[in-house]
Amino acid sequence: MAQATQVTDHGGGVHSIRVPIPDNPLGHTLIHLLDTDAGPVLIDTGWDDPTSWAALTAGLTACGTTVTDLTGVLITHHHPDHHGLSAKVREASGAWIAMHEADAAVVRRTRENPPSRWYAYMGAKLAAAGAPEAHVAPLLAAAEAGRPRRLPGLDPALPDRTVTPGDLLDLPGRRLRAIWTPGHTPGHLCLHLEEAHPAGLPGNGRLFSGDHVLPGITPHIGLYEDPAVEEGSTDPLGDYLDSLERVGRLAPAEVLPAHQHPFTDAPARVRELLEHHESRLTDLRALLATPLTPWQLAERMEWNRPWADIPYGSRNIAVSEAEAHLRRLVKLGRAETVAGSDPVTYVATS
Ligand SMILES: [Zn+2]
Ligand SMILES: [Zn+2]
């Protein structure tokens, strides 16, 4: 198989670099490089792994710069395939790191919370969602034993700046505006380059969309999993759908997403995503003809493989996605909790 191009020149002082995500079906993150009059700026950095670092630094060289020349890093969201290498980039270059305050708060919490607090939180959350005891027990045991977490991205870089939504970023010679698009994470940002498309494509400039809008996959929308936020107060799927409409209205000439490939006609993709979530909500409401816990709903939802084949960690993500949809159905008045049920069950409203 031919090696895919690692670096793409998108014109008008914008490049992308394919940075691999090891052992992940997504394959790679598209890291964008934006030239400014004050020096080059990165949008996202990639997974914290030696292979990914090598790809990033080689990519920068292929773009005619080096990691030491970078002056800033803009982070679309805190996930490790986007923010993983930020500390290394800052260490090598002295570049500032900027993100939305809501994701900066996630970063602070990730760094400050002992693993036992996270295990206990997840164990309690899953038990409340109706997970079987055999599923919850390992989490509670890990909390008890004070076991360290082995996931990557547990020591993410604290940002130097937070980005104010709606503001133009302070990038000499460029017009790049921060668009707050919560949903996939509470502080997800899209970045709108308000400059004519270099190839003259019709529309309003270009949009760096992070994970918010991707051409062929839908991003994970779960609960924000924040031990500090009152349970029930957030509606991530509602946030996501609102954010989608906001991005559709921008009508950019081209979207440069963080995975897969660039695409045009953002409003059409936004309509597809809105329809996908609407039909999913309708399907889930039909499943709720009989009362179900979030766990039972997740078991009955359509995934990319049968429930029995979904591994442990992915089941937790699936339950979180089921909960985000339940939260939305309740907010819309299309489902309600069954009074006195424990663990709580949900049923469609008549
Ligand atoms: Zn993400
Ligand atoms: Zn991603």
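## Helix 8 and its packing partners

In this predicted model, the buried residues of helix 8 pack against strand 10 (206–210), helix 7 (236–250), strand 11 (254–257), helix 9 (294–300) and helix 10 (312–331). The buried positions in helix 8 are A266, R269, V270, L273 and L284. Viewed down the helix axis, these buried residues fall within an arc of 105°, so they line one face of helix 8. The face turned away from that buried side carries exposed residues, namely A268, E275, E278, S279, T282 and A286.

Helix 8 comprises residues 266–287, and its length agrees with expectation: at 1.5 Å a residue, its 22 residues should span 32 Å, and the end C-alpha atoms are 32 Å apart.

## Domain arrangement

The chain is divided into domain 1, made of 7–106 + 156–270, and domain 2, made of 283–348. The C-alpha centres of domain 1 and domain 2 lie 31 Å apart. Contact between the domains involves nine residues of domain 1 and nine residues of domain 2. On the side of domain 1 that touches domain 2, the residues divide into four nonpolar, three polar and two charged.

## Nonpolar cores

The largest nonpolar core has 57 residues, of which L42, L56, V73 and L191 touch the most other members. Helix 7 provides the largest share of this core, with five residues. For L191, the contacts beyond its neighbours within four places in sequence are I43, L74, L176, A178 and F208.

L70 lies in the loop between helix 1 and strand 5 (72–74). Not counting residues up to four places away in sequence, L70 touches P40, V41, L42, V89, S93 and A95. One of these contacts, L42, is also among the residues that touch the most other members of the largest nonpolar core. L70 and L33 are 37 residues apart in sequence, and their C-alpha atoms are 9.3 Å apart in space.

## Backbone features in loops

Two aspartates have positive phi values. Phi of D23 is near 50°, a positive value in a residue other than glycine. D23 is placed in the loop between strand 2 (14–20) and strand 3 (28–34). D23 has 7 other C-beta atoms within 10 Å and is therefore exposed. D44, likewise not a glycine, has a positive phi of about 70°. The position of D44 is in the loop between strand 4 (41–43) and helix 1 (50–62). In contrast to the exposed D23, D44 counts as buried because it has 26 C-beta neighbours inside 10 Å.

A cis peptide bond, with omega of about 0°, joins D342 and P343. P343 is found in the loop between strand 12 (335–337) and strand 13 (346–348).

Definitions and conventions. Residues are numbered from 1 along each chain as its sequence is written. Chains are lettered from A and ligands numbered from 1 in the order in which they are written. This is a predicted model: local features need pLDDT of at least 70, side-chain atom pairs count only at pLDDT 80 or more; totals for chains, interfaces and linings use all residues. Domain bounds come from an automatic or database domain assignment. Two residues are in contact if their C-beta atoms, placed from the backbone, lie within 7 Å. Ala, Val, Leu, Ile, Met, Phe, Trp, Tyr, Cys and Pro count as nonpolar, Asp, Glu, Lys and Arg as charged, and the others, Gly among them, as polar. Helices (H or I, at least four residues) and strands (E, at least two) are DSSP runs, numbered from the N terminus. The expected span of a helix is 1.5 Å times one less than its number of residues. A residue is buried if 20 or more other C-beta atoms lie within 10 Å of its own, exposed if 12 or fewer, and partly exposed in between; C-beta atoms are placed from the backbone. The arc is that of the directions from the helix axis to the C-beta atoms. A nonpolar core is a set of buried Ala, Val, Leu, Ile, Met, Phe, Trp, Tyr and Cys residues joined through C-beta atoms within 7 Å.
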